[in-house]
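Morning, everyone. I have one structure to go through today, so please look at the screen.

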Amino acid sequence: MKKLKLILPFIALLCALGLYHIQANTGNWSSQADISWFDPTYTTFTIDTPAKLAGVAKLVNDNALINGNSVDGINGKIMEIDRDLDLSAFLWTPIGTEATPFKGTLIAKGETIFRLSGLKIKTPFQDAGLIGYMKDGTVGGFELAANGEINFQAVNQTLSVGAAVGRMTDNSIVYSINNYIAINVSTTEKAVYVGGIVGQGEGLIATANQYGKLTARGALTYNGGIVGFGSAKGLKIKKVANEGEIIASSQVTKDVYAGGIVATNSSKLNMDEENTVISNKGAITVTESGKAYEGGIVTGKQIGRAHV
């Protein structure tokens, strides 16, 4: 009892000085994940707590076995978020990896937009965002609030980073996303692909607005207001706008691509469907590069074909 009496005033002093924090907000959501809601006999699920959303990541990333069967990226399942969620208590673990991609549907219920606040990623992930790696999946209907952040430095690791999705492949769909999260990532010796909505990918991005400041630095650097890099199977973009500042540089003075909407693409890039406005108001700054390619919408050097 005497020891406790001596310790308590010491803890009180640390709290007063801001050196002791009772809340474990540097922990990770993966340790708090709730997967009790998942029953593979059902198709549609309601996600109404941050722990359940973290459970989606745990099921996918661990390739969980339920009743002896793999969840297979939650393929064919629909997860509906039915309210605003505060993720600020712990650091976020992106949903899906290259080895275990997200293949399901994660959307706001009732064709509305719900606010996901406090989404923070401070540990290097190869594919980082709300969704890390998505294959034939769908995500949409969210505002990613400004009190979140994606901020880390990697060593000798290729990075694909976007607030909604780090990397998406095949016929993936991202829609109705408003991003206010700032992204600031770097890597050595490898490429970095940063987009305010999607780091790199193929499929469809529609009705997306981007306001966060985007800072990227790699050996090769691709930084785009909406998408950093359009991949091999082609990318369709419509009804999007960027107002966030874009800053790009190279660790080893190699090429840097910085575009208000798309940095560059390796295949077909279609932005003329439905004749809708696509706009960029964000300032673009390129420093420390070998060759610099900048563009208000897309860069002057396109690897693939662009239809704007």
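How many aromatic pairs does the count come to? The count comes to 10 aromatic pairs. Keep in mind that this is a predicted model.

Take one of those pairs, Tyr180 with Tyr211. The two rings are stacked, at 4.6 Å centre to centre and with 15 degrees between the planes. Stacked here requires planes under 30 degrees apart, which is why 15 degrees falls in that class. Now find the two residues on the chain. Tyr180 is in the loop between β14 (165–179) and β15 (182–187), while Tyr211 is in the loop between β17 (198–210) and β18 (214–218), so the pair ties together parts that are 31 residues apart in sequence.

Are these two residues buried, exposed, or partly exposed? Tyr180 has 32% relative accessibility and counts as partly exposed. Tyr211, also at 32%, counts as partly exposed.

There is also a cluster linked by ring pairs. Its members are Tyr193, Tyr222, Phe229, Tyr257 and Tyr293.

Next, the strands. Six of them make an open sheet with parallel pairing, in the order β8-β12-β15-β18-β21-β26. Which strands stand at the edges? They are β8 (120–121) and β26 (284–287); each has a single partner strand, so one side of each is left without a neighbour in the sheet.

Strand β8 runs parallel to β12 (residues 149–154), and two bridges join them. On the residue level, Ile121 has Ile150 in β12 as its bridge partner.

That is what I have for today.

Notes: Residues numbered from 1 in each chain as written. Predicted model: local features only at pLDDT ≥ 70, side-chain atom pairs only at ≥ 80, totals over all residues. Heavy atoms only, no water. Phe/Tyr/Trp six-rings, centres within 6.5 Å; stacked < 30°, edge-to-face > 60°. Helix = DSSP H or I, 4+ residues; strand = E, 2+ residues; numbered from the N terminus. Buried < 20%, exposed > 50% of the residue type's maximum accessible area, 1.4 Å probe, protein only. Pairing = 2+ DSSP bridges.
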